[in-house]
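Visitor: I would like a guided look at this model. Can we take it one question at a time?

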Amino acid sequence: MGITKRKFGETKNGECVSAYLLKNANGMEAEMLDFGAILRVLKVPDKNGAFLDVVHGFDSVKGYEDHNDTYYGATIGRCGNRIAGAQFVLDGKTYPLDANDGKNNLHGGFAGYEHRMFTVREMQDNDTPSVCFSLHSPDMDQGFPGNLDFCITYQLTADNTLQLSYAAMSDQKTIINPTNHSYFNLNGHQSGTILDQEVMICADAFTWADAESIPTGELVSVEGTPMDFRSFHTIGERIDQEDTALKYGNGYDHNYCVNDTGKMKKIAALRSARSGILMEVESDLPGMQLYTGNFIKGNQTGKGGVCYPRRSGVCFETQYYPDAIHHPEFKQPVYAANETMRSTTRYHFSILS
Ligand code: GAL
């Protein structure tokens, strides 16, 4: 139980990267890196009591440095998902950003938080060990205004919940919309595709997006469509149906409107009959991107020499709606100077009964 630190490797600039392992009394483990505040390993018990590592990752820093378009386990900042036209206007001033996804901005830009070194604080509470990773993001970092102090705390509780708590504050009005980009596979990261695993999402609607995954502003009901996960469906059941939303997303790559209350609530679940593992996702944000690893090219050697095929992991990216800054009708990820942004995401694991 508790926290163990070890040397993981070095960045190409020669910075020393450490791995922090949290372990609870049930034997569940979560390992994070101070490089990118990346969640690298998550071992949870299956129905036979064996521990499966249920997230994608790499065994070297180089793996993460070389593959910068999949964001395995990454902490995304300053703004998750897309900003149309790679620019936005705040108080009359235009802020150009990196166009790193066609002509749009994705996950903050080329120099995302997933490749930064974080400062670490360990909290040695043996029942619920936690590690806090903090980062100073200077004014105009990635093109965003304001000196921002950002931190993410990973905490492992006694009831097999991994909790991610974000806190950030800037000295100027700015956009803050961090998320975590873990790819889950409840049969183990090495087990192949997630098409036979079942998803449930507490959402009646999703944000309609164009072929570049930019929302049009329309919220579309999931009723009668392959986007409807209000009850459990396998990911593979409808993913290749003739459907415009699925065509534009190359599969599921959509923001669900998760029945916003502004409070912590269950928003989604993933389960596997094979391993007997159930994962429930909680968040206090209005949106969640369901992304089924459609762009994994199958050319990446991950942990233990495993090659991850297309659709071998599924992401549940808790977030403000994509491109919210261009849609005043969406809840805004804009925070005033000296206003604290706080948000929490929980992944709770149990065995199916
Ligand atoms: C997701 C995004 C996908 C893809 C992926 C990274 O969050 O919605 O379209 O860019 O990140 O490969």
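**Loops, strands and a ligand**

Guide: Ser213 is buried, with a relative accessible area of 13%. Keep in mind that this is a predicted model.

Visitor: Where does Ser213 lie, and what is its phi?

Guide: Ser213 belongs to the loop between strand E18 (205-209) and strand E19 (215-221). Most residues other than glycine have a negative phi. Ser213 is a residue other than glycine with a positive value, and its phi is near 65 degrees.

Visitor: Asn81 has a positive phi too. Is Asn81 buried or exposed?

Guide: Asn81 is not a glycine, yet its phi is about 65 degrees. Asn81 sits in the loop between E6 and E7. Its relative accessible area is 2%. Buried means under 20%, so Asn81 is buried.

Visitor: Which residues does the cis peptide bond join, and where does Arg78 lie?

Guide: Most peptide bonds are trans. Here omega is about 0 degrees, and the cis bond joins Gly77 and Arg78. Arg78 lies in the loop between strand E6 (74-76) and strand E7 (82-83).

Visitor: Which residues surround the ligand?

Guide: The ligand sits in the largest pocket. By class, its shell has five nonpolar, three polar and four charged residues. The surrounding residues are Asp69, Tyr71, Arg82, Leu106, His107, His181, Tyr183, Asp253, Gln289, Tyr291, Phe295 and Glu317.

Visitor: What are the distances from ligand oxygen atoms to polar side-chain atoms of Arg82, His181 and Asp253?

Guide: For His181, an N or O atom of the side chain is 2.9 Å from a ligand oxygen. For Arg82, a polar side-chain atom lies 2.6 Å from an oxygen of the ligand. For Asp253, the distance from a side-chain N or O atom to a ligand oxygen is 2.5 Å.

Visitor: How much of the ligand's accessible area does the protein cover?

Guide: On its own, the ligand has 300 Å² of accessible area. The protein covers 96% of that.

Visitor: Where does His254 lie, in which strand? And which backbone oxygen does its side chain reach?

Guide: His254 is part of strand E21 (residues 253-257). Its relative accessibility is 5%, so His254 counts as buried. The side chain makes a 2.9 Å approach to a backbone oxygen, that of Ala245.

Visitor: Is Ile3 buried or exposed?

Guide: Ile3 has its place in strand E1 (residues 2-10). Its relative accessible area is 13%. The cut-off is under 20%, so Ile3 is buried.

Visitor: What separates the C-alpha atoms of Ile3 and Gly108?

Guide: Along the chain, Ile3 and Gly108 are 105 residues apart.

Definitions and conventions:
Residues numbered from 1 in each chain as written. Predicted model: local features only at pLDDT ≥ 70, side-chain atom pairs only at ≥ 80, totals over all residues. Heavy atoms only, no water. Near = heavy atom within 4 Å. Polar contact = N/O pair within 3.5 Å; in protein donor to acceptor, adjacent residues only side chain to side chain. Areas by Shrake-Rupley, 256 points an atom, 1.4 Å probe, with all protein chains shown as cover. 1 Å grid on protein atoms, 1.4 Å probe; cavity = no way out; pocket = protein on both sides within 12 Å on 5 of 7 lines; lining within 4 Å. Sits in = over half its atoms within 2 Å of the grid points. Nonpolar A, V, L, I, M, F, W, Y, C, P; charged D, E, K, R; others polar. Helix = DSSP H or I, 4+ residues; strand = E, 2+ residues; numbered from the N terminus. Buried < 20%, exposed > 50% of the residue type's maximum accessible area, 1.4 Å probe, protein only.
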